[in-house]
Amino acid sequence: MIVEVRDLTVRYGAATALDGVTLSVAAGELVALIGPNGAGKSTLVNALCGIRRPASGRIDVRGRLALVPEGRHLFPSLSVDDNLRLGAWRRRERDTAHIYALLPELTPLRDRPAGRLSGGEQQMVALGRALMSRPDLLVIDEMSLGLAPKIVGSLVAHLRQRNAEDGLAVLLIEQNARLALELCTRAYVLEAGRVVAEGPAAALAGSPEIAAAYLGLE
Ligand code: ATP
């Protein structure tokens, strides 16, 4: 296992945002976490990254973890190249070359201020920055939000390729359940701070309750 979360409870004052959540991601696995607004997805990301302290439970991380945050959080006035360098400050030259080889769409944009890129291009930079640290696991928060299907398709293709070639594991946190269940092999459904369903992505996608609640199908 790269990440093992056991019985995790996180509170904001009197409000319980996560209530006994247990989940794991093994090396090389593609795992989705889906759920509606307010389910606790961002809270889980913050707990995984050590930003939010749990009230109880355990988080074990074995291996390198990198985050592609919701909203991307690039430095808008810095170039694409400088944003990438911020992803791994001890390596730089060799590794930016590696990222441009992995994500060739970024090569013609390398000197452009990140703030002048489209949303999809910015998401590609955020992915490249996270890959700079050569992580074992990428935690990706709301990758597809506001992006055109075509760019989402190319982001997904890149993730599949990194998974197949480098064994990169992904925990994909998405409101777009259809996308998440398509890319991932296993999934968890979070509602009101609890895991209410988990299993192979295909089985969840085929469940009438999940389809009705998350895939817009009756
Ligand atoms: P969204 O997709 O809207 O970000 P989410 O699934 O990420 O939703 P969280 O943001 O983790 O959900 O929120 C889980 C619960 O915790 C919600 O009820 C939310 O109102 C509450 N919450 C989140 N952040 C705080 C905070 N800083 N203080 C108090 N309550 C909070």
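This is a predicted model: local features need pLDDT of at least 70, side-chain atom pairs count only at pLDDT 80 or more; totals for chains, interfaces and linings use all residues.
A polar backbone atom of Gly40 is 2.9 Å from an oxygen atom of the ligand. On its own, the ligand has 630 Å² of accessible area, and the protein covers 57% of this.

## The shell around the ligand

Gly38, Gly40 and Ser42 belong to a set of residues around the ligand that also includes Pro36, Asn37, Ala39, Lys41 and Thr43. Sorted by class, the shell holds four nonpolar residues, six polar residues and one charged residue.

Helix H1, which spans residues 41-48, gives the most to the shell, with three residues.

Ile2 is found in the segment before strand E1 (3-12). Is Ile2 buried or exposed? Its relative accessible area is 5%, so Ile2 counts as buried, the cut-off for buried being under 20%.

Apart from its neighbours within four places in sequence, Ile2 is in contact with residues from several parts of the numbering. Among them are Val25, Ala26 and Ala27, then Asp60, Val61 and Arg62. Asp136, Leu137 and Ala169 are also in contact with Ile2. The C-alpha atoms of Ile2 and Leu65 are 8.5 Å apart in space, while the two residues are 63 residues apart in sequence.

Technical notes. Residues are numbered from 1 along each chain as its sequence is written. Side-chain values use heavy atoms; hydrogens and water are left out. A residue is near a molecule or strand if one of its heavy atoms lies within 4 Å of it. A polar contact is a pair of N or O atoms within 3.5 Å; within protein, one must be able to donate a hydrogen and the other to accept it, and residues adjacent in sequence count only if both atoms are side-chain atoms. Accessible areas come from the Shrake-Rupley method with a 1.4 Å probe; for residues, only the protein chains shown count as cover. Helices (H or I, at least four residues) and strands (E, at least two) are DSSP runs, numbered from the N terminus. Ala, Val, Leu, Ile, Met, Phe, Trp, Tyr, Cys and Pro count as nonpolar, Asp, Glu, Lys and Arg as charged, and the others, Gly among them, as polar. Buried means under 20% relative accessible area, exposed over 50%, partly exposed in between (1.4 Å probe, protein chains only). Contact means heavy atoms within 4.5 Å.
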